[in-house]
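Subject: Structure for your review

Dear colleague,

Please find below the structure that I am handing over to you. My notes on what was found in it follow directly after.

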Amino acid sequence: GRLCGGAHAMLPVEMDDDAAHRACATLDAAGGCGHASAPVARIGRSLESSAFSTTATYIMFLFFGIGSWVTVTALFTELPLLVVTLPEGWHLASVLALAVQLGNVGPLAYCLLRRRLRRRADGGASQTQLAAVTTYVVLGTGAVAMAALARTWSVTWSIGGKERSVPLVALTAVAATADCTSSLLFWSFAANFRAVHMSALAAGAGLNGVVASGLAWAQDAAGEHPLFPTSVYFTLVSMVMCISFVAFHALRSARCAQVERRTFEAPLAGEGVGVAEAGATEASAGEEGAGDAEPGVGDSVKTCLADLCRRSSPCGVASAREALSTTL
């Protein structure tokens with residue numbers, strides 16, 4: 001980075017000297033109304049934190065995505081140990097597959113509830129709150145179902161003179177309902193963030209099979225003498241769901257995740273808009289002037305310039321437009 005006009009503002013090293021000097025001069029001019037040194041110093045911190053925010057949010061989405069179908073995958077991965085203990089034998093696979101299909105009731109119920117909320121005056125806010133609450137319920141239900149299976153997977157009930165694995169089948173249906181509903185919730189939530197995080201969610205969803213299979217491999221589920229019992233396996237899967245639960249909560253509350261949301265695409269409505277919204281509008285307005293600027297760096301600098309001019313100068317948004325057009 002470079003020192004700018006005595007204020008310790010970090011500018012991206014990819015900028016050439018002429019662009020850096022023009023940026024420094026414009027920043028100093030924008031702060032001519034008075035107190036610009038503190039906002040200028042924040043530009044460096046904003047640029048440095050952008051990479052951290054993207055990386056941290058990407059990792060959160062990876063762990064969040066793992067919780068999508070890991071419970072059902074874990075159940076079928078553990079079948080070699082289940083069939084040798086439970087009375088159904090290999091017929092258990094067909095019974096569990098039917099229980100998983102019953103899980104499609106979850107998405108249907110969620111869609112019907114959303115349709116009812118849409119008719120309210122505050123339908124948009126109600127639907128957003130419903131999606132958040134339902135996601136918490138989905139992740140929590142998966143964790144609880146796996147924890148319950150750790151204690152009851154081998155319990156059988158006598159029905160019609162035959163022993164049946166009722167707790168296992170019932171909890172499989174509960175876990176499948178949560179997993180089926182996650183297909184609706186997770187992707188719509190990720191759509192509120194930058195496009196790069198959609199790939200993180202997809203990668204996490206793909207890793208759920210790796211996690212379940214990795215635990216089964218560590219257990220040696222196909223061997224004659226597993227390294228740890230099935231109850232421990234289901235407990236570990238429950239812990240994975242808890243991690244996914246925490247990742248989702250962090251995506252909703254962590255500051256580094258909030259700056260990755262797609263609010264920068266909203267139009268500039270006036271002085272009261274957020275920092276990211278102002279930067280985005282000015283970025284689109286200054287695309288032609290940006291010229292040879294690197295896309296990622298240019299967007300960050302434009303956002304910082306817009307924030308600086310809007311907050312430190314009474315000229316407001318007009319100063320931001322002028323600064324962006326002359327600098328970038």
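What percentage of the 328 residues in the protein chain do buried residues make up? The share is 45%. Please bear in mind that this is a predicted model, and that the values below are computed from it.

Overall features

The secondary structure of the chain consists of 15 helices and two strands.

Aromatic pairs

A pair of aromatic rings is described by the distance of the centres and the angle of the planes. Eleven aromatic pairs are present in the structure. In one of them, the ring centres of Phe64 and Phe248 are 5.2 Å apart and the planes meet at 25°, so this pair is stacked; the cut-off for stacking is under 30 degrees. Phe64 belongs to helix H2 (residues 37-66) and Phe248 to helix H10 (residues 230-253), so that the pair links distant parts of the chain, 184 residues apart. Both of these residues are buried.

Phe248 also pairs with Tyr136, and this pair is edge-to-face, with 4.9 Å from centre to centre and 70° between the planes. Because Tyr136 lies in helix H7 (residues 123-152) and Phe248 in H10, the pair ties together parts that are 112 residues apart in sequence. The relative accessible area of Phe248 is 1%, and the residue is therefore buried. Ring pairs join Phe64, Tyr136 and Phe248 into a cluster with Phe61, Phe186, Phe189, Phe193 and Phe245.

Helix H10

How does the span of H10 agree with what its 24 residues should give? At 1.5 Å a residue, H10 should span 34 Å, and its end C-alpha atoms are 35 Å apart, which agrees. Several residues of H10 are buried, including Thr230, Tyr233, Met241, Phe248 and Leu251.

In soluble globular proteins, nonpolar side chains tend to be buried together. The largest nonpolar core here has 29 residues, of which Met60, Phe61, Phe64, Phe189 and Leu251 touch the most other members. At least two residues of this core come from each of H2, helix H6 (105-118), H7, helix H8 (166-190), H9, H10 and helix H11 (255-258). H7 gives the largest share, six residues. Another core, of 25 residues, lies apart from it and has Leu96, Ala150, Trp153 and Tyr233 among its members.

Beyond its neighbours within four places in sequence, Phe61 is in contact with Phe189, Ala190, Phe193, His197, Ala200, Leu201 and Leu251.

Gln219 is found in helix H9 (residues 196-219). Its relative accessibility is 0%, so Gln219 counts as buried. The side chain of Gln219 makes a polar contact of 3.0 Å with the side chain of Glu78. Setting aside neighbours within four places in sequence, Gln219 is in contact with residues including Glu78, Leu81, Pro226 and Tyr233.

Asn208 is also found in H9, and is buried with a relative accessible area of 6%. Its side chain makes a polar contact with the side chain of Thr73 at 3.3 Å. With neighbours within four places in sequence left aside, Asn208 is in contact with Ile66, Ser68, Trp69, Val70 and Thr73.

Yours sincerely

Conventions
Residues numbered from 1 in each chain as written. Predicted model: local features only at pLDDT ≥ 70, side-chain atom pairs only at ≥ 80, totals over all residues. Heavy atoms only, no water. Phe/Tyr/Trp six-rings, centres within 6.5 Å; stacked < 30°, edge-to-face > 60°. Helix = DSSP H or I, 4+ residues; strand = E, 2+ residues; numbered from the N terminus. Buried < 20%, exposed > 50% of the residue type's maximum accessible area, 1.4 Å probe, protein only. Expected span 1.5 Å × (residues − 1). Polar contact = N/O pair within 3.5 Å; in protein donor to acceptor, adjacent residues only side chain to side chain. Contact = heavy atoms within 4.5 Å. Core = buried A, V, L, I, M, F, W, Y, C linked by side-chain atoms within 4.5 Å.
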